[in-house]
Amino acid sequence: MKRKVLSVFLTAAMAVGMLAGCGSSASTASGSQSASTEAVTASSTETASVTSETSATAATGDTDPQMKKKIKILSIWAEDNDNGVLINQICNDYKKVNPNFDYEYEYVASDDLKQKIATLAASNDLPDVFVYESGKPIVDLINADQIVDISDVLKKYNCADYIEPSAESLLTTLSQTDDLYDLPLGLNIEGFWYNKALFQKAGVEVPSTWDEFDSALKKLKDAGIQPLACGGADKWGATRLINAYTVRTLGPDAMKKAADGDAKYTDAGYVAAAQKLQDWANAGYFGQGVTTVDMNTAGTMLMTGKAAMFYNGSWFTSNLNDTSANAAGADGIGFFNIPVQDESISGADSYSMNCGNILCLGKAKYDDATGWFVKYFVEHMGDTAMTVQGSVKGYTYTADTSKATGYTQLVLQEMAKAKSSFTWYEATMGSEVSTVAQENVQSLLNGDMSAQDYMKSIQDASDSQAE
Amino acid sequence: MKKVLGNKGAVAWFVLPALILYTAIVFVPIVWSFYYSLFSGSPGLKWKFCGMKNYFLLFKDKNFLDALIVNGKYIAIVMVGQVGLGLLLALMFMFWLKKCKSLVRTLVFFPVVLPTVAVGELFAKIYEIQPNYGLLNSVLDSLGFHNLVQAWLGQASTALGCLCFMDIWVAMGFYSVIFYGALLDIPYDIIEAAKIDGCSGFNLFRYVLSPLLKPITVVACVFSFSGTVKMFESATALTGGGPGNATKSLSMYMYEVAFSYNKVGYASVLALVIFLICIGGSSIIGLFDKSSKEDN
């Protein structure tokens, strides 16, 4: 009997302990939840008071009315990294202009960005300013009427001239709108980087047409030099090459036509471009095992003289400027635009360009205070980026560029030549189609898949997405 | 004690906390997955009830079938490799190795404690072909097998094999320790008696050791099966699922569908398929255990 009592007692003690454990954790959870709710209420009342102030002083002159607001910025860069440095510097500078301004900087890993924005958009709680991706993702937000028409803002605050026209045309092409819905955070051109010493060794001139390019590849290969380095493991390095040929033979809107259903990915021209890539792979121009090489390694191969050419964007200059990595020296690597097939279809002054990640403004939280901040941002981003990082972000700048390194100068010169632009291979594709295009490009390079089958797999994915 | 365990009420009290916990962290998510699988889109974004549509999609989805086949091959090869080599190693520790026993055991067990990503990077270097030959290709090259030098991870025909080899290498130490423990548990007089009766070598293993090792073999198989059916991190670290889809497993496909295609509903269907495979596989392996108990 004693034992029975003891056992019941022990069981009871255990159960109570268990419940107590659960209880305490539950109370912490609810505690933190209520804290966050408080924060939300606080910020929303703050916004409300701001709006009332705003409507009272809705001024649109050139002097900042110093409105009170705390804006929230969602970014994929830490405060001490890349664009994070620039955004924070501009915010802090703006605080001097408008002491009533404050900001909260939130970091989210770039892989989680789309998911996070999707969730916030669904609850109509997008931040004042947030980093996003151009192309298909932003189109979805525009269609859902979640983000601010930035052209209107720029017009209202009289600062539209501070955006580079090439950046603007690029962004409007990507968002498929007449108006601008996002701000650029970079302006990159893409093309072929080449090792000058290897070109000289093989007696190859910089090619300007695809025929010249093909004969250059052959000449380099015959001279015992690997003609092309390509990051097949990162996949996009390979699809960019298909894109290069597609655009030059079918025109800059070829990929959009196929995405809109005005053309099929399986049409002869598209297949020919994929075939081109496979032909190069079969001829051994990429060396062995191209699908195991990542973009970084491919870049190193170019700089150390193991390959003669490498397709990449102007961001590659950061590697080139690194003297410990760049064995070719300060003038050892050159750049040329994608060769031309037919000037009337796509000319030599048309470059593959992109704006990297972009900034959007959440519509629900937008007011004049944000507008004035955007004005300051747009007017100062170009100079800040040039002085702090020596980089071009898609805004006009007056800062001195003569101190920039040779490679940065090279990019600036090429950019000045650009009259029009086109986008990358997957820009018009949804995530499923773009995954298929990228994954199967490895099979295309290996020869496991024919060019016909490759384009068919993209078309199939596109069809099933449309369903 | 018997009195306590004979009391159904007391037993219930003891079981209840664990049962509640188990229900909360295992059973509820399964039901939740099933509920999710009836929707299309992603929660909060185009989230719509679509009935059994996701299930019908499964039968038309070629990617699913490809991933299933890859996963099946992987389970078969890796399970046989891990358990088989683990057993061989244990026998080696027991009967063959005289010196440096603990040193060899430590070396064999060492890969188990290495992080998967580090192992993936290590093997990527071993299989490397561009810009420099990795260990494997340099050895082949220097031995004169020039035609065997190839992009081991860069072609569909060899990538899965290379991945399997890596995972077998990583885990065989773990299984060898399990089997070695079981071998030590076998009373030595049984082995001695068998030896006196003239049983040695393969026959000793076939008629004496293997029946005694059967329960532990079943356990090892269940371990290995449940480890391989969720194939994810090693493939992600070594090949990223490539080239093409050659090493993309069901879990990797499920992850892709959920987080890059934003189709949480369909991903839940895939999760349920993985769940069913787990249950099915484990119970098939369990059958062997049952039959061995009946033999006794």
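**Exercise 1. Work out how α8(B) packs against two other helices, starting with the handedness of its crossing with α4(B).**

Step 1. The crossing of α4(B) and α8(B) is right-handed. A crossing is left-handed if the near helix is turned anticlockwise from the far one by less than a right angle, and right-handed if clockwise. Before going on, note that this is a predicted model, where local features need pLDDT of at least 70 and side-chain atom pairs count only at pLDDT 80 or more, while totals for chains, interfaces and linings use all residues. Residues are numbered from 1 along each chain as its sequence is written, and chains are lettered from A and ligands numbered from 1 in the order in which they are written.

Step 2. Now the geometry. Two packed helices are described by the angle between their axes and the distance between the axes. Helix α4 of chain B covers residues 62-96 and helix α8 of chain B covers residues 156-185; their axes come within 6 Å and cross at roughly 40 degrees. Axes here are lines fitted to C-alpha atoms, for helices over the stretch in contact, with angles from 0 to 180 degrees between N-to-C directions. Helices and strands are DSSP runs numbered from the N terminus (H or I, at least four residues, for helices; E, at least two, for strands).

Step 3. Name the arrangement: α4(B) and α8(B) are therefore oblique to each other. Angles under 35 degrees count as roughly parallel, over 145 as roughly antiparallel, 65 to 115 as roughly perpendicular and the rest as oblique.

Step 4. Sort the contact by class: α4(B) with α8(B) gives 21 nonpolar, 4 polar and 2 charged residues. Ala, Val, Leu, Ile, Met, Phe, Trp, Tyr, Cys and Pro count as nonpolar, Asp, Glu, Lys and Arg as charged, and the others, Gly among them, as polar.

Step 5. Repeat for helix α10 of chain B (residues 201-229), which packs with α8(B) at an angle of about 160 degrees, the axes being 10 Å apart. That makes α8(B) and α10(B) roughly antiparallel to each other, and their crossing is right-handed.

Step 6. Who meets whom? From α8(B), B:Y175, B:I178, B:F179 and B:A182 meet B:L213, B:I216 and B:A220 in α10(B). This contact has 7 nonpolar, no polar and no charged residues.

**Exercise 2. Describe the side of chain B that touches chain A.**

Step 1. Count first: 27 residues of chain B are in contact with 33 residues of chain A. Contact means that the C-beta atoms, placed from the backbone, lie within 7 Å.

Step 2. Find the elements. On chain B, α1 (2-6), α2 (8-36) and α12 (250-259) each supply at least two residues of that side. The largest share, 4 residues, comes from α2(B).

Step 3. By class, the side of chain B that touches chain A divides into 14 nonpolar, 10 polar and 3 charged residues.

**Exercise 3. Find the pairing partners of β5(A) and say whether this strand is buried or exposed.**

Step 1. Partners first: β5(A) pairs with strand β9 of chain A (residues 350-354) in the antiparallel sense over 3 bridges. Strands pair if DSSP finds at least two bridges between them. Here A:N188 stands opposite A:N354 in β9(A).

Step 2. Strand β7 of chain A (residues 307-313) runs antiparallel to β5(A), joined by 5 bridges; A:G191 has A:N312 as its bridge partner in β7(A).

Step 3. Strand β8 of chain A (residues 333-336) is also antiparallel to β5(A), with 4 bridges. A:F192 is partnered by A:F336 in β8(A).

Step 4. Burial: 8 of the 8 residues of β5(A) (residues 188-195) are buried, so the strand is largely enclosed by the rest of the structure. Buried means 20 or more other C-beta atoms within 10 Å of a residue's own, exposed 12 or fewer, and partly exposed in between, with C-beta atoms placed from the backbone.

Definitions and conventions
Contact = placed C-beta atoms within 7 Å.
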